[in-house]
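Trainee: Here's the model I want to go through. Start with the strands, please.

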Amino acid sequence: MPFIDKSTLTYPATNSFPVRKWLDPLRDPVSGVLGDFRQFQIFDIWINDLADRAWIMVDRTVDSGTWVQMGAGGGTGILTVTGDSGGAVGPDGANNINLLGGTNVTVAGNAGTNTLAINLGGAIASSFPTMAGTAIPAAGALTITGTGGITTSGAGSTVTITAGATVPTTFTEDAGSATPAANNLNILGAAGITTSGAGSTVTITAGATIPTTFTADVGSATPAANNLNIIGAGSTTTSGAGSTITISSSGGGLAWIEVVVVGPTGMVVDTGYVANNGAAVGLLLPLLAAFGSIIRVVGKGAGGWVISQNAGQTILLGASATTVGVAGTAASSEASACIEMLCITANTTWRIIDSAGNIIIT
């Protein structure tokens, strides 16, 4: 290969270092094994004037040579690299600067293409699927918004999602359920129930005049399905209109009931009873009886009848009286015996004011 120029540098003055220059407009030099080194020596310069590139041989061995490309445009090449923080970083002794990735970031070098590829790790999400739809960050930001009583807040690297514990969406009742509309739920009373609200409290009040149990002369009744039956007996009838129940009695006398079971059967004031069974028919005084109430008992069956008492009650016959309380009785001595009794002390004391047959007082 011809050399187009040769010069001599003197450093120091006693030594001579020849500098040779090679001009090739077609190609660049080749370093390494079998490269362009056999006819060159250290300090030789190779110039590709078509590509405006120049190299200098910096090393040579028996079987290889090393060419280093010179900086273009009079520059000195990259001497330092500056990152987001920490200041400028220069090369190490091997003229190398390491570019290393951090969390979820990798840097891959390709010497063949003189390329460094910086890649995001797979742990960095680019889309966020939800129960309804998918959200994709825009301009590096993802908006997290609450609704329906849910609030969100952010501080530092943390997003806090808070559910309003006092914001229900459905209210279940004894029958059906209610869902608020326009953030409002109506709570209304009915059938004597009233509601009122103050602050965060709703008060539900039942009218004090709404009874749940109705006590009769014998026993008590409890409404079922919001209904209470009021039924007459004998010559007594009942009727209802609007908010009124009318109880009517025809004939002006007592209502009569024929008792065919041994019992005991609870009696009702102002009623007559016909005892009709082969065994003694048991009858029980009313627990409640107003002063002046009347009860009549007539024997019909072969077994006759026996009247028992509640606690604190007694029956008077002439100068005799039954034992006070549940131990006292008045009974017929024969099947056809009859009595009429008058309540002379409310609830507790009855006097036999008329009788037929023998009455046994115990």
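**Strands, rings and neighbours**

Mentor: Thr-66 in strand 6 is the bridge partner of Asp-59. Strands here are DSSP runs of E, at least two residues long, numbered from the N terminus. Before you go on: this is a predicted model, where local features need pLDDT of at least 70, side-chain atom pairs need 80 or more, and totals for chains, interfaces and linings use all residues. Residues are numbered from 1 along each chain as its sequence is written, and side-chain values use heavy atoms, without hydrogens or water.

Trainee: Got it. In which sense do strand 5 and strand 6 pair, and over how many bridges?

Mentor: Antiparallel, over 5 bridges; strand 5 covers residues 53–60. Two strands count as paired if DSSP finds at least two bridges between them.

Trainee: How many residues sit between those two in the hairpin?

Mentor: Strand 5 and strand 6 have 3 residues between them.

Trainee: What joins strand 3 to strand 6?

Mentor: 2 bridges, with the strands running antiparallel. Strand 6 spans residues 64–69. Val-33 stands opposite Ser-64 there.

Trainee: Switching to rings. How many aromatic pairs does a search of the whole structure find?

Mentor: It finds 5. Rings of Phe, Tyr and Trp (the six-membered ring) pair if their centres lie within 6.5 Å; planes under 30 degrees apart are stacked, over 60 edge-to-face, the rest tilted. One of the pairs is Trp-22 with Phe-40, edge-to-face, 6.3 Å centre to centre and 80° between the planes.

Trainee: Why does that pair tie parts of the chain together?

Mentor: Trp-22 lies in strand 2 (16–23) and Phe-40 in the loop between strand 3 (32–33) and strand 4 (45–48), so the pair ties together parts 18 residues apart in sequence.

Trainee: Are Trp-22 and Phe-40 buried or exposed?

Mentor: Both are buried. Buried means under 20% relative accessible area, exposed over 50%, partly exposed in between, with a 1.4 Å probe and protein chains only. Ring pairs also link Trp-22, Phe-40, Trp-46 and Trp-67 into a cluster.

Trainee: New topic. In what order do the 5 strands of the open sheet come?

Mentor: 24-26-28-31-34, with mixed pairing. Strand 24 (265–266) and strand 34 (359–361) stand at the edges with a single partner strand each, so one side of each has no neighbour in the sheet.

Trainee: And how many bridges join strand 26 to strand 28?

Mentor: 4, and those two run parallel. Val-281 has Trp-305 of strand 28 as its bridge partner.

Trainee: Where is Ser-293?

Mentor: Ser-293 is in the loop between strand 26 and strand 27 (294–299). At 5% relative accessibility, Ser-293 counts as buried. A polar atom of the Ser-293 side chain lies 2.7 Å from the backbone oxygen of Ala-290. A polar contact is an N or O pair within 3.5 Å; within protein, one atom must be able to donate a hydrogen and the other to accept it, and residues adjacent in sequence count only if both atoms are side-chain atoms.

Trainee: Last one. Which strand holds Ile-339?

Mentor: Strand 32, residues 338–345. Ile-339 counts as buried, at 4% relative accessibility. Val-298 is 41 residues from Ile-339 in sequence, yet 6.8 Å apart in space, C-alpha to C-alpha. Not counting residues up to four places away in sequence, Ile-339 touches several residues, among them Trp-305 and Ile-359. Contact means heavy atoms within 4.5 Å.
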